[in-house]
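Dear colleague,

Please find below the structure that I am handing over to you, followed by an account of what was found in it.

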Amino acid sequence: MSVISIVNQKGGVGKTTAAVNLAAELAQDGPTLLVDADPQASAVGWVMRAPENKPYPAEFRAVTDPGQLERLRELDGYRWVVIDGPPALGSPLMEAALVAADLAIIPVTPSAIDLMSMVEATAVSVRRAMRRNPSLLYAVLINRVVTGTTMPLKVREAMTQEQIPVFATEWTSSTAFVGAAELGVPVQFYRGWNWRAAAREVEALAQEIREVLA
Ligand SMILES: Nc1ncnc2c1ncn2[C@@H]1O[C@H](COP(=O)(O)OP(=O)(O)O)[C@@H](O)[C@H]1O
Ligand SMILES: [Mg+2]
């Protein structure tokens, strides 16, 4: 079993989008559990909206107790556990999500002005958690990329300078991610405009994750 936590203290960067879509994709490998550790429960809300003919392909559960979150490591019978982290820096819940994880994914949107300070703050949390979880891996996911802009490259360079790993896969800003969420499905099940491109990006990230955790 591998545990992935999606964390960033900032809201609106794509934590829930990443968690719901990744868990659905990784569920192809075997039993998968999506854990909603955000008290706002938007991940659970999303998958509960699923139409009857397109049920969410992974199990899901809300866990907002830090102790319970850390004990997810002891669960049996899952290939993947994907945790949608809480939007609070340095909270016991975020720390628990990091202590429980094999891999932390930090989604960022390249347009944020305070991007570096934001990522550094998250990286500090990750490094602090590494005292209790020395084998924790982490990497940044550049999300909501506007095609043709140079910001993603600048983000990549800045991260590299700070020795923060960045996934090669980037997720484009696409109405497919929004439309899929509205419908209550992962983009792989969505058939609205541009769904294929978004689904391919989800698949590419899942593939990178499999390689990192192999
Ligand atoms: N790649 C993307 N393209 C377009 N919209 C996106 C993308 N990723 C996230 N969004 C949208 O941005 C908003 C915030 O995303 P969400 O996953 O809820 O962030 P968080 O969980 O970090 O608060 C949502 O409306 C979501 O649909
Ligand atoms: Mg969220």
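**Findings**

Gln 163 counts as exposed, because its relative accessibility is 66% (buried means under 20% relative accessible area, exposed over 50% and partly exposed in between, with a 1.4 Å probe and protein chains only). Please note that this is a predicted model, in which local features need pLDDT of at least 70 and side-chain atom pairs count only at pLDDT 80 or more, whereas totals for chains, interfaces and linings use all residues. Residues are numbered from 1 along each chain as its sequence is written, chains are lettered from A and ligands numbered from 1 in the order in which they are written, and side-chain values use heavy atoms, with hydrogens and water left out.

**Two positive phi values**

Gln 163 is not a glycine, yet its phi is positive, near 55°. This residue sits in the loop between α6 and α7 (helices, H or I with at least four residues, and strands, E with at least two, are DSSP runs numbered from the N terminus). Ala 41 is likewise a residue other than glycine with a positive phi, near 55°. Its place is the loop between β2 (32–36) and α2. Is Ala 41 buried, partly exposed or exposed? With a relative accessibility of 29%, Ala 41 is classed as partly exposed.

**Val 166**

The loop that joins α6 (151–161) to α7 (175–183) also holds Val 166. Once neighbours within four places in sequence are set aside, Val 166 is in contact with Val 140, Ile 142, Arg 156 and Met 159 (contact means heavy atoms within 4.5 Å). Ala 199 is 33 residues from Val 166 along the chain, and their C-alpha atoms are separated by 20 Å.

**Asn 133**

Asn 133 belongs to the loop between α5 (115–129) and β6 (137–142). This residue counts as buried, because its relative accessibility is 6%. Which residues does Asn 133 touch, not counting those up to four places away in sequence? They are Leu 98, Val 99 and Ala 101. In the case of Ala 101, the backbone oxygen lies 2.7 Å from a polar atom of the Asn 133 side chain. Pro 31 is 102 residues from Asn 133 in sequence, and the two are 24 Å apart in space from C-alpha to C-alpha.

Strand β5 runs over residues 103–108 and is mostly covered, with six of its six residues buried. In a regular strand, side chains alternate between the two faces of the sheet. In β5, Leu 103, Ile 105 and Pro 107 point one way, while Ala 104, Ile 106 and Val 108 point the other way; all of these are buried.

β5 pairs with β1 (residues 2–6) in the parallel sense over three bridges (two strands pair if DSSP finds at least two bridges between them). Here Leu 103 of β5 is the bridge partner of Ile 4. β5 also pairs with β6 in the parallel sense, over six bridges. In that pairing, Tyr 138 of β6 is the bridge partner of Ala 104.

**Pocket and cavity**

Points are joined across faces, edges and corners, and a volume is the space filled by probe spheres set on them.

The largest pocket holds about 430 Å³ of space. Its lining comprises 25 residues, and those nearest its centre are Gly 12, Gly 14, Thr 17, Trp 46 and Arg 144. Two or more lining residues come from each of α1 (15–26), α2 (42–48) and α7. Of the elements, α7 gives the most to this lining, with four residues.

How many cavities of 30 Å³ or more are counted? The count comes to one, and the largest cavity contains about 40 Å³ of space. The residues that line it are Gly 90, Ser 91, Met 94, Glu 95, Leu 98, Ser 125, Arg 128 and Ala 129. Here α4 (92–99) and α5 are the elements that give two or more residues to the lining.

Yours sincerely

Conventions:
1 Å grid on protein atoms, 1.4 Å probe; cavity = no way out; pocket = protein on both sides within 12 Å on 5 of 7 lines; lining within 4 Å. Polar contact = N/O pair within 3.5 Å; in protein donor to acceptor, adjacent residues only side chain to side chain.
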